[in-house]
Amino acid sequence: MSKLNSLEIENVKGISNKSFNLNFFPNKPCILVAPNGFGKSSIACAFKSLKSNKLELKDDDFHTGIATLKPRLKIEVDSVYYEADSTKNELYSNFDYFVINSPIVAKAKKTNFGSFTTATASLSVDTIELVSTIPDKVEFKYSLSENKTWFGCNGKVLNSIERTILKDLEFVYFLSKKIDFSLFNKKTSFINPVNNIIVEINNINGTQQELKEQIADSILPKMILIQDLKNLAELIKTCSSKDEVDSYLDAIQLARVVQDSSFSKALSYAIYCRDRIFFDKLISAVNSTRHSLKAKEVKKTKAKNSKKKLIVEFPKVSSISNGQRDIISFVSQIQKAKNRFKKKLCILIIDEIFDYLDDANLVSFQYYITKLIEEFKEQGRTLYPVLLTHLDPNYFNHFCFNKHKMQINYLARDPSKVSSDYLCLVKNRDDDVIKDDLSKYFFHYHPDNKDLESDFLRLGIKKAWCQSKEFYNNIHDEVKNYLQGIKYDPIAVLFGLRIKIEESAYNQLPTCDRPEFITTHKTKRKLEFCAEKGINIDEINYLLGLIYNDDLHWRPNRDYITPLVSKLENITIKQMIRELY
């Protein structure tokens, strides 16, 4: 199984030179998590700037705006490197790739007032080009009467395939995906064997029904031996209610249509018609605005004989919700990506388009990604759907890709903070002998000291932590290190936050209420108890619950450190903790 091993980018937007070890398996959601400002959109920009023969940036996309800094993109798949820069693109011949990002753009309208000019800024939604060039309207060349004459004296065994096959756009779509049309023009393997079959059918006598019975008995086994005819007949049979003989007779007619010089153009137009209907149904299904959104054909240029393209035009930003705009944009662009993906290896980059969707639209988003992955699996093809986000999927219940299929890579991972000595406490939190004492004296604040030396030694936990009061001193020292910007243990910071918050609340209570505070379970309930007693609890104590509540419970095979460090290094989070201390 192929594997996307690594990605390297130079001189694109906010990235000067960065390498990322990914190790992503194909046909599974690949999620890259990093805080805002890290450079996720630089990755999307690099792929979006790929031309057939080079990597070509717009003026604003060069690193630090300096055009002399040469951009470069390199990926590693199965230990083979593919590179693109200003002179070459090695990805083009091996991969199809597509970038989906937000359609929102900022525009400025200039107004002249004599000697001075003003500019008014506004937001608009970019028109999405679904089909860049609409193919010429060419119909499949087919006539039942002509085919009967061509077939010979027993042409009466043929039925029309015009409505049942050629005008069935879904069948035509599957036909384009599953059949190699070049094989039907090979004389030795297809044309001559089929002509022999036709001669044999014309040498028997009877009514139409009698002819079909004789074909089933003596000629069908020979037809089955012609592999390319068999592939076509089986597809017809699968997509219709026809019996085996009629499927093979229809396949002979369809092969003749395929052999006509106009077939490829007619196929392109039929696929376009199918996609046009599909686009409209798809957009209608997810559109809950008062505006009628449909795909629209427009001329590419003002020239008289200009070709047309298919687009989706959005209403003004103020008249459509953000969620609806994003999901309509997404489903439109994902269908466009499907049309672009022709090669066996494909890369889909989705740049934060789902970060601001509500729960229902996020489910829709995941549904369409999953459907696309399943299509690639069925076709035996490889897709890397790479989702760029600042949200950690592990913390959102409505992010519901199967956890065993979802691959998460934290781009801001700091090698110096990949482990924590304090995780041993979390891992042993449910030890049968000391779990009550651990919870009461170490995971929560308690004014009394508790000594667990013998049990800590049994479990391999540091002896220096065995006294709860000394443990408090250690974790508060780690918090100070964190606030001073020197090396710290991130799990210790979690302990420090919780103990500090609970100790502060405890000290504000009257002596008579303190015993009940100590016996109350969970930090949030302890704070609510204080509030009920009239104690003013600062909002920061509740907000930081997102930090200290999730990582102090053991779950095997989980990366505790990387997502935690990503949150702790957030400037606002750090300031909140500084205020608390």
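1. The model discussed here is predicted. Strand 1 covers residues 4-12 and strand 4 covers residues 72-77; six bridges pair the two in the antiparallel sense.

2. That pair belongs to an open sheet of four strands, with antiparallel pairing and the order 2-1-4-5. At its edges are strand 2 (15-24) and strand 5 (80-85), each of which pairs on one side only. From one strand to the next, the twist averages 10 degrees. As background, strands of a sheet pair through backbone hydrogen bonds, and the pairing can be parallel or antiparallel.

3. There is also an open sheet of five strands, ordered 6-12-13-3-14, and here the pairing is parallel. Strand 6 (96-100) and strand 14 (407-410) are the edge strands, each pairing on one side only. Ignoring direction, neighbouring strands of this sheet are turned against each other by 20 degrees on average.

4. Within the parallel sheet, strand 6 is joined to strand 12 (residues 345-351) by five bridges. Asp96 stands opposite Cys346 in strand 12. Helix 1 packs on this sheet and touches strand 3 (30-33), strand 6, strand 12 and strand 13 (382-389). The direction of helix 1 makes about 135 degrees with that of strand 12.

5. Helix 1 lies across strand 1, strand 2 and strand 4, and runs at about 90 degrees to strand 1.

6. How many cavities of 30 Å³ or more does a search of the whole structure find? The search finds two. Strand 1, helix 1 and strand 12 each supply at least two of the lining residues. By class, the lining of this second largest cavity has 10 nonpolar residues, no polar and no charged ones.

7. The largest cavity holds about 80 Å³ of space. Among the residues lining the largest cavity are Tyr173, Lys177, Phe341, Glu375 and Arg381. Helix 4 (169-178), helix 10 (322-340) and helix 11 (359-378) are the elements that give two or more residues to this lining. Helix 11 gives the most, with three residues.

8. Which classes make up the lining of the largest cavity? Its residues divide into four nonpolar, two polar and four charged.

How values were computed: Residues are numbered from 1 along each chain as its sequence is written. This is a predicted model: local features need pLDDT of at least 70, side-chain atom pairs count only at pLDDT 80 or more; totals for chains, interfaces and linings use all residues. Side-chain values use heavy atoms; hydrogens and water are left out. Two strands pair if DSSP finds at least two bridges between them. Axes are lines fitted to C-alpha atoms, for helices over the stretch in contact, and angles run from 0 to 180 degrees between N-to-C directions. Contact means heavy atoms within 4.5 Å. On a 1 Å grid over the protein atoms alone, a cavity is a set of points where a 1.4 Å probe fits but cannot get out, and a pocket is an open set with protein on both sides within 12 Å along at least five of seven lines; lining residues have an atom within 4 Å of a point. Grid points are joined across faces, edges and corners, and a volume is the space filled by probe spheres set on the points. Ala, Val, Leu, Ile, Met, Phe, Trp, Tyr, Cys and Pro count as nonpolar, Asp, Glu, Lys and Arg as charged, and the others, Gly among them, as polar.
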